[in-house]
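Q: Please take a close look at one part of this structure and set it in its surroundings. Keep to what can be computed from the atoms.

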Amino acid sequence: MSKNNRSLLGIYTIGIAALFLLGFLLLVVFGAGSYQDSVGARESHSAQRVLLSYISTSVQQTELGHVRVEDAGQMLVLEDGDTGYVTRIYLADGRLIEEYRRDNTTPDPSQGRAIGKTKTFTVQTAADDLLKVTTDEGIVFVYVEPSTWDGGQSGAAEGGM
Amino acid sequence: MKNKHAHVTAFYLETLLMILVFVAVILMLTQVFGQSRKLSAEAGYLSDAATISESVSAAVRASSGEDELFAALNWAEEKSGTDVPTIEVRFGEDLTPAVDGPYHVTITWERTEGARGDYVESEITITRVGIDEPLLTTHTGTYTGKEVRP
């Protein structure tokens, strides 16, 4: 009888310990997954804000020069007044590049800096004074002052937004 | 013998108490993890709402009249029964107007006439299907008269 009691107690103790171990393991797995999701979501939101907001702010800041689109909507060119320098924004090797150089130079990604990662970048005219910018992170519409819009080879988006 | 019996009983009671504490901690942590996922999702909706607000503000600035704004926003509908002209439009997950998108955007168009041009104030409110409170409410304004632009 005593032996039976002892073995029952032993099984009970091991069972409790196993239950605790299982619980801790599940907590660790669930917690790690939750943390990974949160970090991934935060990076995705940051990328979206950086790419889209940066492009629209850059266009809106162009007050003294002109805004034009080249290369069939693949390159956005923002003139820096009448200095002869321009800011070019275009896609190269899966990254959106920003380059500040003389207007008469050839685009060179190695001379610019990467704004963010994207596989698509197009600029189209959505309506008068309204550009539609498309990237992997989403689409944003940007207002262009009529006095700064120089047109270009953007092509038109489907009517309206 | 009695002493041993008392020890065993005490052991059972202690492990029972430990299990209860353990279960309580697990329940609390599960709630915390669930809440963090929910907050993460809401942060994503807010990011989307900020981008949509930016796009709609640009459309308001680019429009010289309510008709132009209405034409610029695909699948927009005029809301009746409001004090000021109001346009409703839905945006999809790709942040463009969509017929059945999850984001509802309400845009007011309040015009104040001036000598050299009209000033238009707009309130942009963005809500999402499944969430009662508005995600974002912003205000923007623009002059529609060409004379006041440089």
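A: A residue is called buried under 20% relative accessible area, exposed over 50% and partly exposed in between (1.4 Å probe, protein chains only). B:Val25 has a relative accessible area of 36%, so B:Val25 is partly exposed. The model is a predicted one, in which local features need pLDDT of at least 70 and side-chain atom pairs count only at pLDDT 80 or more, while totals for chains, interfaces and linings use all residues. Residues are numbered from 1 along each chain as its sequence is written, chains are lettered from A and ligands numbered from 1 in the order in which they are written, and side-chain values use heavy atoms, with hydrogens and water left out.

B:Val25 lies in helix 1 (residues 2-62) of chain B; helices (H or I, at least four residues) and strands (E, at least two) are DSSP runs, numbered from the N terminus. Together with B:Leu13, B:Leu16, B:Leu17, B:Leu20 and B:Val21, B:Val25 makes up a nonpolar surface patch with about 580 Å² of accessible area. Such a patch takes residues with over 30% relative accessible area and no salt bridge, and joins nonpolar side chains (Val, Leu, Ile, Met, Phe, Trp, Tyr) within 5 Å, or like charges within 9 Å. The areas come from the Shrake-Rupley method with a 1.4 Å probe; for residues, only the protein chains shown count as cover.

The salt bridges come next. A salt bridge is a side-chain nitrogen of Lys or Arg within 4 Å of a carboxyl oxygen of Asp or Glu, and 11 are found over all chains. In one of them, the closest N and O atoms of A:Arg68 and A:Glu70 are 2.6 Å apart. A:Glu70 is partly exposed at 23% relative accessibility, whereas A:Arg68, at 12%, is buried. A:Arg68 also forms a salt bridge with A:Asp103, at 2.8 Å from N to O. This second pair links distant parts of the chain, since A:Arg68 is in strand 1 (residues 67-70) of chain A and A:Asp103 is in the loop between strand 4 (95-102) and strand 5 (113-117) of chain A, 35 residues apart. A:Asp103 is partly exposed, with 32% relative accessibility.

A:Glu98 and A:Arg113 meet in a further salt bridge, with 3.2 Å from N to O. Here A:Glu98 in strand 4 of chain A is linked to A:Arg113 in strand 5 of chain A, 15 residues apart. A:Glu98 counts as buried at 14% relative accessibility, and A:Arg113 as partly exposed with a relative accessible area of 45%. Through shared partners, salt bridges join A:Arg68, A:Glu70, A:Glu79 and A:Asp103 into one network.

At the boundary of the two chains, 37 residues of chain A are in contact (heavy atoms within 4.5 Å) with 35 residues of chain B. Chain A and chain B bury about 3200 Å² between them, 62% of it on carbon and sulfur atoms; this is the accessible area (1.4 Å probe) that two parts lose on being put together, summed over both. Two salt bridges cross this interface. A:Glu145 and B:Arg61 form a salt bridge with their closest N and O atoms 3.0 Å apart. On the side of chain A that touches chain B, helix 1 (2-61) and strand 8 (138-143) of chain A are the elements that give two or more residues. Helix 1 of chain A gives the most, with 22 residues.
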